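Colleague: Can you walk me through this one? I have the file open and would like a plain account.

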Amino acid sequence: MNVEEYIHSLFTKDDAILDKVLESIHANGMRNISVPPEIGKLLTLLVKISGAKEILEIGALGGYSGICLVRGLREEGHLTSLELKEEYAQLAHENLQRAGFGDRVTYYTGEALKSLDQLEKNEKRFDFIFIDADKENYPNYLDRSIRLANPGALIVGDNVLQRGQVCDASYVDLRTENMRAFNQRMANDPDLESIILPVGQGLSIGRVKESK
Ligand SMILES: C[S@@+](CC[C@H](N)C(=O)[O-])C[C@H]1O[C@@H](n2cnc3c(N)ncnc32)[C@H](O)[C@@H]1O
């Protein structure tokens, strides 16, 4: 058993609701690129620890991470989730409904950058932002996320190590270069205090400073 399998066997339990999400993704012929159970559990914990009330998710797919995020919220908390494809957002909503969270989530469909501009225009602010959509846009998502974040908010990005490609100089494709730019900014932006945890494909966690 390797370290990952050890953690998985100890800390992730059978979860009928999340299993149903994966089944529905499969049944709809979609590729399962949901967060793994360990990241799901970590998201729930991070939301609980942070005491977040308003969550923004960029990239819904079938609602797996959405359920994990809402599980960490208190009664009055809400999830706003952005998804490119109408049919994915619909499936995610059905899955959140099945989990008992149907009225705790609002979906915006279409290009996330447009939705983010709309949210900014409407002066929405968030306590927790989870970035998990197209990797090429991560620097743009971070830019918008900092503007949409309340002081003290957490900004969490998934897949930031790209199977180690970000540390291998031979990868010079746009996706890897943009992920390096995202990681650089998470590390050096004066408004953020951040770190990367090497769980899954790498999860970066940044806290927006009160002085933002
Ligand atoms: C990795 S999956 C999200 C997985 C989800 N967070 C989970 O763990 O359950 C990425 C999602 O981002 C969506 N996406 C890709 N490009 C996008 C864009 N430009 N705007 C909004 N969503 C986008 C995809 O359709 C896909 O559903």
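Colleague: Start with confidence. What pLDDT does the protein chain average?

Modeller: This is a predicted model. The protein chain averages a pLDDT of 97, and 100% of the residues score at least 70. The model scores are ipTM 0.99 and pTM 0.98.

Colleague: Which elements have the lowest and the highest mean pLDDT?

Modeller: Helix α1, residues 3-11, has the lowest mean, at 90. Strand β1, residues 54-58, has the highest, at 99.

Colleague: And how many helices and strands are there in the protein chain?

Modeller: The protein chain has eight helices and seven strands. Its radius of gyration is 16 Å, close to the 17 Å that the globule rule gives for 212 residues, so the chain is as compact as a globular protein of that length. Taken along the principal axes, the C-alpha atoms fill a box of roughly 45 × 40 × 30 Å. Of the 212 residues, 40% count as buried.

Colleague: Now the strands. What does β1 pair with?

Modeller: β1 pairs with β2 in the parallel sense over five bridges, and Leu56 stands opposite Thr80 in β2. The chain gets from β1 to β2 through α4, and this β-α-β crossover is right-handed. β1 is also joined to strand β4, residues 126-131, by four bridges, again running parallel. In that pairing Ile55 stands opposite Phe128.

Colleague: Is β1 mostly covered or mostly open?

Modeller: Mostly covered: four of the five residues of β1 are buried.

Colleague: Go on from β2. Which strand do five bridges join to it?

Modeller: That is strand β3, residues 105-109, which runs parallel to β2. The bridge partner of Thr80 in β3 is Thr106. Thr80 also stands opposite Leu56. β2, helix α5 (residues 86-98) and β3 make a right-handed β-α-β unit.

Colleague: And from β4, where does the pairing go?

Modeller: β4 pairs with β5 in the parallel sense over five bridges. Phe130 has Val156 in β5 as its bridge partner. β4, α7 and β5 make another right-handed β-α-β unit.

Colleague: Why call β5 largely enclosed?

Modeller: Seven of the 10 residues of β5, which spans residues 149-158, are buried, so the strand is largely enclosed by the rest of the structure.

Colleague: Does β5 pair in the parallel or the antiparallel sense with β7?

Modeller: Antiparallel, over five bridges, with β7 covering residues 203-208. Ile155 stands opposite Gly206 there.

Colleague: Different topic. Which residues come nearest to the ligand?

Modeller: There are 18 residues around the ligand, and Gly59, Tyr64, Ser65, Leu84 and Ala112 come nearest. The elements that give two or more residues to this shell are α4 (64-71) and β2 (78-83).

Colleague: How do the shell residues divide into nonpolar, polar and charged?

Modeller: The shell has 10 nonpolar, three polar and five charged residues.

Colleague: Is Leu61 buried or exposed?

Modeller: Leu61 is buried, because 27 other C-beta atoms lie within 10 Å and the cut-off for buried is 20 or more.

Colleague: And Glu123, where is that found?

Modeller: Glu123 is in the loop between α6 (112-121) and β4. Its phi is near 60°, also a positive value in a residue other than glycine. Glu123 is exposed, with 7 other C-beta atoms within 10 Å.

Colleague: Last one. Where is Asp143 found?

Modeller: Asp143 is in helix α7, residues 138-148. Asp143 is partly exposed, with 16 other C-beta atoms within 10 Å. In sequence Asp143 and Phe182 are 39 residues apart, but in space they are 9.3 Å apart, C-alpha to C-alpha.

Colleague: Thanks, that will do.

Methods:
Residues are numbered from 1 along each chain as its sequence is written. This is a predicted model: local features need pLDDT of at least 70, side-chain atom pairs count only at pLDDT 80 or more; totals for chains, interfaces and linings use all residues. A residue is near a molecule or strand if its C-beta atom, placed from the backbone, lies within 6 Å of it. Ala, Val, Leu, Ile, Met, Phe, Trp, Tyr, Cys and Pro count as nonpolar, Asp, Glu, Lys and Arg as charged, and the others, Gly among them, as polar. pLDDT is the predictor's confidence in each residue, from 0 to 100. A residue is buried if 20 or more other C-beta atoms lie within 10 Å of its own, exposed if 12 or fewer, and partly exposed in between; C-beta atoms are placed from the backbone. Two strands pair if DSSP finds at least two bridges between them. A crossover is right-handed if, with the strands pointing away from the viewer, the path from the first strand over the helix to the second runs clockwise. The radius of gyration is taken over C-alpha atoms; the globule rule is 2.2 Å times the number of residues to the power 0.38.
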